[in-house]
Amino acid sequence: MTTTIFTDGSSRGNPGPGGWGSVLIEENGSNKNDFKVLELGGGEKMTTNNKMELKAAIEGLKKASKESEIKIYSDSSYVINGITKWVFGWKRNDWKTKTKDDVLNKDLWLELIEATKDKKVKWQYVGGHVGILGNERCDHIATAFADGMDIKLFNGLLANYDLPNILDISHNESLATSKKSSSSHSKAKAYSYVSSIGGVVEVHHSWAECEKRVKGAKGARYKKALNKGDEERIRSEFV
């Protein structure tokens with residue numbers, strides 16, 4: 001049996017509201033359609049990105065069977081270097097760094113060590129936001145929880161999953177470009193925000209106003225507009 005785990009963490013500010021996401025794919029047998037997929041996620045009101053990256057790995061590994069060979073993909077060098085290299089020195093030095101400071105997030109590192117106990121785990125670094133389906137899905141889950149949005153987590157067969165090619169870890173340039181564009185867009189000053197709930201479109205002049213409408217609303221869609229033309233384009237998309 002092989003279990004593949006994708007993980008990601010996010011925080012809006014450091015510290016700030018944060019979220020984490022994990023996707024497990026359990027391969028038991030030769031029929032790909034019978035593989036099991038489990039999505040996990042959660043959030044905290046005040047946290048850091050590193051804490052959420054650790055939490056994603058911890059919770060994913062907790063759900064993996066000890067009888068399984070585990071491959072875990074993360075875009076966090078902090079997590080991978082920490083669990084494969086740094087923890088051994090920290091333990092020898094009574095959880096002190098080389099500069100004699102207390103190791104940050106000791107409680108989570110101890111949880112991660114326990115979650116890997118008696119398990120065959122192979123850690124693999126993947127670049128963040130380069131179009132790898134599993135990483136992109138975990139990012140979506142993590143940011144949804146960080147933003148306090150409702151998100152449906154999947155638990156079922158790969159045959160019924162929206163991302164049937166999730167085990168493909170090749171880079172998808174279209175997704176990567178989209179993500180980079182979205183990142184640049186997110187830093188630009190807003191002209192307005194457009195939201196849609198149940199086909200009803202509204203324009204908001206502040207994020208607080210938009211957030212108040214969409215937060216917790218099932219099926220809500222929203223986008224930031226950079227100018228009047230952008231606003232009209234988004235309105236037409238949402239109609």
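**Group meeting: a sheet, its helices and a helix pair**

Let me begin with strand β7 (residues 192-197), which is joined to β8 by 5 bridges, the two running antiparallel; strands here are DSSP runs of E of at least two residues, helices are runs of H or I of at least four, and both are numbered from the N terminus. What we are looking at is a predicted model, in which local features need pLDDT of at least 70 and side-chain atom pairs count only at pLDDT 80 or more, while totals for chains, interfaces and linings use all residues. Residues are numbered from 1 along each chain as its sequence is written, and side-chain values use heavy atoms, with hydrogens and water left out.

Within that pairing, Val 194 stands opposite Val 203 in β8. The open sheet has 3 strands in the order β8-β7-β9, with antiparallel pairing, where two strands pair if DSSP finds at least two bridges between them. Because β8 (200-204) and β9 (221-225) are at the edges, each with a single partner strand, one side of each is left without a neighbour in the sheet.

Now to the helices that lie across these strands. Helix α6 (residues 207-214) lies across β7, β8 and β9, at about 10 degrees to β7, with angles running from 0 to 180 degrees between N-to-C directions and axes being lines fitted to C-alpha atoms, for helices over the stretch in contact; contact means heavy atoms within 4.5 Å. Helix α7 (residues 228-238) also lies across β7, β8 and β9, running at about 165 degrees to β9.

Finally, helix α2 (residues 77-92) packs with helix α3 (residues 106-116) at an angle of about 100 degrees, their axes 11 Å apart.
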